[in-house]
Amino acid sequence: MTKSVKIRVSTLNDNTLITSVLRASYPELMRPAYDAKLLEKVLPRITVAQPGLLQSDSYYVAEDAGGAIVGCGGWTRERPGTSEIKAEVGHIRHFGVHPDWIRCGVGKAIYSRCELDARDAGLTQFECYSSLNGEKFYSALGFRRLGQIDVTIFDGVAFPSVHMVADL
Ligand SMILES: CC(C)(COP(=O)(O)OP(=O)(O)OC[C@H]1O[C@@H](n2cnc3c(N)ncnc32)[C@H](O)[C@@H]1OP(=O)(O)O)[C@@H](O)C(=O)NCCC(=O)NCCS
């Protein structure tokens, strides 16, 4: 069922509420796809809002009719974890939807805004390191799988992910 949300660019003031959404979303929605011990290690790190993204002008929040944040996500020109920039290629970053709002079109609405703004900025392709549980979502948005990739979260802790790409 699609529910109506408003998508807007995030600010630093959204930090606490975005972290709340990520803390509600990731443990519950990633649990079926990952080893419990691995999640215990990485969740404290990956469920914290990233100030750099929040101020990037290409990170967004979805708000319900009352103005509560129910989802977040965005894109950067830099490949995550590096300073590499390739002309015309953007990278999907830190998507999360509150479990009470999944399968309501919130993630898709945030992605549509990403697509629109990235095209306006001259990008022609998005890359994504999808969580294992997120692959079907990105496939539904038109991404294709390049292969499995281990994303380093910190000091030798690898997070199995799926490297995906979509034309804009
Ligand atoms: C992945 C995530 C962002 C999707 O958000 P969402 O708001 O539920 O997605 P949408 O409702 O916009 O889904 C759009 C389409 O994607 C597909 N899809 C989404 N989630 C899916 C799932 N769990 N299984 C199969 N298909 C799925 C469906 O085709 C869906 O359309 P439909 O509901 O009409 O069938 C959300 O599940 C989430 O926050 N997961 C935990 C965090 C995470 O893994 N983030 C990705 C980090 S890379």
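Begin by selecting Leu132, which touches Ala33, Tyr34, Pro160, Ser161 and Val162 when residues up to four places away in sequence are not counted; contact here requires C-beta atoms, placed from the backbone, within 7 Å. The model is a predicted one, in which local features need pLDDT of at least 70 and side-chain atom pairs count only at pLDDT 80 or more, while totals for chains, interfaces and linings use all residues. Residues are numbered from 1 along each chain as its sequence is written.

Leu132 lies in the loop between E5 and H5. Helices (H or I, at least four residues) and strands (E, at least two) are DSSP runs numbered from the N terminus. Leu132 counts as partly exposed because it has 15 C-beta neighbours inside 10 Å. By the criterion used, 20 or more other C-beta atoms within 10 Å make a residue buried, 12 or fewer make it exposed, and values in between make it partly exposed, with C-beta atoms placed from the backbone. For orientation, select Ser4 as well: it is 128 residues from Leu132 in sequence and 27 Å away in space, C-alpha to C-alpha.

**Helix H1**

Next, select residues 15-30, helix H1. The buried residues of H1 are Ile18, Val21, Leu22, Ser25, Tyr26 and Met30. They cover an arc of only 110° around the axis, and therefore lie on the same side of H1; the arc is that of the directions from the helix axis to the C-beta atoms. The buried residues pack against helix H2 (36-46), helix H3 (51-54), E2, E3, E4 and E5. On the face turned away from the buried side, look for the exposed residues Thr16 and Glu28.

**The nonpolar core**

Proceed to the largest nonpolar core, where, of 33 residues, Ile18, Ala62, Val70, Val106, Ile110 and Cys128 touch the most other members. Such a core is a set of buried Ala, Val, Leu, Ile, Met, Phe, Trp, Tyr and Cys residues joined through C-beta atoms within 7 Å. H4 gives the largest share of this core, six residues. Centre the view on Val70: leaving aside neighbours within four places in sequence, its contacts are Val5, Val21, Ala62, Asp64, Val97, His98, Trp101 and Val106.

Now select His94, found in strand E4. Its phi is near 45°, a positive value in a residue other than glycine, and with 20 C-beta neighbours inside 10 Å His94 counts as buried. Arg103, in the loop between E4 and H4, has a positive phi of about 60° although it is not a glycine. Arg103 counts as exposed, with 12 C-beta neighbours inside 10 Å.

In H4, select the buried residues Val106, Gly107, Ala109, Ile110, Tyr111, Cys114 and Ala118. They pack against strand E1 (6-9), E2, E3, E4, E5 and H5. After H4 comes Gly122, whose phi is positive, near 90°.

**The ligand shell**

Finally, select the ligand: 21 residues surround it, the closest being Ile102, Gly107, Lys108, Lys136 and Ala140. A residue is near the molecule if its C-beta atom, placed from the backbone, lies within 6 Å of it. H1 contributes the largest share of this shell, four residues.

Technical notes. Contact = placed C-beta atoms within 7 Å.
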